[in-house]
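Colleague: Hi! Could you walk me through this one while I have it open?
Modeller: Happy to, here it is.

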Amino acid sequence: MFEIVFLGTSASAPSIHRGLSAQVVLAGEHRFLIDCGEGTQRQILRSGIGFKRLHNILLTHGHLDHILGLGGLISTFSRWENIDHLGIWGGKATLERVKALLFGVVLGYERLPIEIDLIELSAGPFFEGKDFTVSAFPVTHRGSGCFGFVFQEQSRRPFLPEQAEALGVPAGPERALLVRGQSVTLSDGRVITPDQVLGEPVEGVKLVYIGDVGRTDNIRAQVADADVLVIEATFLESEREIAAHFGHLTARQAAMLARETGVKTLILTHVSRRYRESDIINEAQQVFPNTHVARDLHHYVIRRDKPIERLTPEAIRVRFQETSDEPDADA
C-alpha cells in the first residue's frame, strides 16, 4: 500500500487555492517528499501528517517553482533539530542549484545540527524498503537531469488457509513461518513447504510520479500497468503547440498515455491558473474516464486490487492526530 498527499498542485506560480509543486508519498515507515515548492512546510502542517520521518526528498528537476521551498523547510529543520539526517536526490544540475540555495544562501552562516546528503540520481532503483523499491527514470523537460519516479511494491504469494487446514498446519507461528517462505515440521514429522500453502504470486502496487514533462513516447515502459499515474496537465489541447514549446503536456496527452499503457487510475496535477479545473477534467475524461484532478491537501490511499480511496479531512485528522508536531509559537 502507498499513500500520496498533494501539498501543492499549481503550475509555475501559486493561485488562491493551489500552492506550488510538492507531494508526500507514504510507504510503510518511510516518507518521501517529491519536490518542494515555495510554502511546502506550511502545507505539510496543514495536511496533518507533520514532519516526522521526513528524511527523503526527491526532486524531479531544478526549476525554482519545484525547489524554492527547500530553504524554509531546512531552515526549520535546523532550528527544531527533530530531523538528524536528510537525503536529497536529484539530477546533477538540480543538485548544483540546491547546493547554491542551501549552502550559499540559507545555511551559509549556520551550524547545522542535521546531516544533509545530496545524492545524484541515475536511471534505476535507488531506494529499497522492507517490501518496496523506488526507481528513477529520465524524462524530457527543459534542461538536463529531469526524472520521474516509480514506487513498486514487491509481489507476494497469498496464504491459502484452506490448504493449511487440509494439511493440518495449526494456526500460529508455523503459518507465519510458511508465509515468510520457510518450511515447517509438524508434530507428526511431516515437512510442509511454502509451495503447499501459498498461492500464485500477486503483483504489488505500482505508483508512478512524473513532474514536468514534454514527451510521452520515451516513458511508456516505465508507466505501463501502473495502478496510479500522477502526471502534469499544464495545458489544454487547444494550446498544444505552446505546451510543446515549454516542455509540458496537455490533459489529453496525459490521458492518452494512461489509456495506451494500461494505467488503472490517472491523477493530474501542475494545473495552470489559465484554465478552469472542469475544463481539464472534461478533456482528460473524454479519453480516459478514470481521471482525477488533484487539489491541495487531497490524500489518496492506493491498495492492491482495490479502487483508489481519497481520505476525508476527518479521517486524516483521526489518523495523524498523534503525530502532529507543530511547534509552540514561542519555540
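Modeller: First a term: helices (H or I, at least four residues) and strands (E, at least two) are DSSP runs, numbered from the N terminus. This is a predicted model, where local features need pLDDT of at least 70, side-chain atom pairs count only at pLDDT 80 or more, and totals for chains, interfaces and linings use all residues. Residues are numbered from 1 along each chain as its sequence is written, and side-chain values use heavy atoms, with hydrogens and water left out.

Colleague: Thanks! Where is valine 228 found?
Modeller: Valine 228 is in strand β13, which covers residues 228-232.

Colleague: Is valine 228 buried or exposed?
Modeller: Buried, with a relative accessible area of 1%. Here buried means under 20% relative accessible area, exposed over 50%, and partly exposed in between (1.4 Å probe, protein chains only).

Colleague: And what does valine 228 touch?
Modeller: Leaving aside residues up to four places away in sequence, valine 228 touches Lys206, Leu207, Val208, Thr265, Ile267, Ile302 and Ile308. Contact means heavy atoms within 4.5 Å. Also, the C-alpha atoms of valine 228 and leucine 266 are separated by 5.8 Å, although these residues are 38 apart along the chain.

Colleague: Val208 is on that list, so where is the place of valine 208?
Modeller: Valine 208 sits in strand β12, residues 206-210. Its relative accessible area is 0%, so valine 208 is buried. Among the residues that valine 208 touches, beyond four places in sequence, are Phe137, Phe149, Val150 and Leu229.

Colleague: Switching to charges: how many salt bridges does the structure hold?
Modeller: There are 15 salt bridges. The criterion is a side-chain nitrogen of Lys or Arg within 4 Å of a carboxyl oxygen of Asp or Glu.

Colleague: Which residue forms a salt bridge with arginine 175?
Modeller: Glutamate 165, with the closest N and O atoms 3.2 Å apart. Arginine 175 lies in helix α6 (residues 173-179) and glutamate 165 in helix α5 (residues 161-167), so this pair ties together parts 10 residues apart in sequence. Arginine 175 counts as buried at 15% relative accessibility, whereas glutamate 165 counts as exposed at 56%.

Colleague: Nice. What about lysine 264, which residue does it pair with in a salt bridge?
Modeller: Lysine 264 pairs with aspartate 227, closest N and O atoms 3.7 Å apart. Lysine 264 is in the loop between α9 (251-260) and β14 (265-269), and aspartate 227 is in the loop between α7 (220-223) and β13, so to speak a link between distant parts of the chain, 37 residues apart. Lysine 264 is partly exposed at 46% relative accessibility, and aspartate 227 is buried at 14%.

Colleague: Which residues are linked in a network of salt bridges?
Modeller: Arg18, Glu277 and Arg295. Within it, the side chains of glutamate 277 and arginine 295 meet at 3.0 Å, N to O.

Colleague: Last topic, helix packing: at what angle do the axes of α9 and α10 cross?
Modeller: Roughly 35°, and the axes come within 8 Å. Axes are lines fitted to C-alpha atoms, for helices over the stretch in contact, and angles run from 0 to 180 degrees between N-to-C directions.

Colleague: Which residues meet there?
Modeller: Ala251, Arg252 and Ala255 in α9 meet Ile280, Glu283 and Ala284 in α10.
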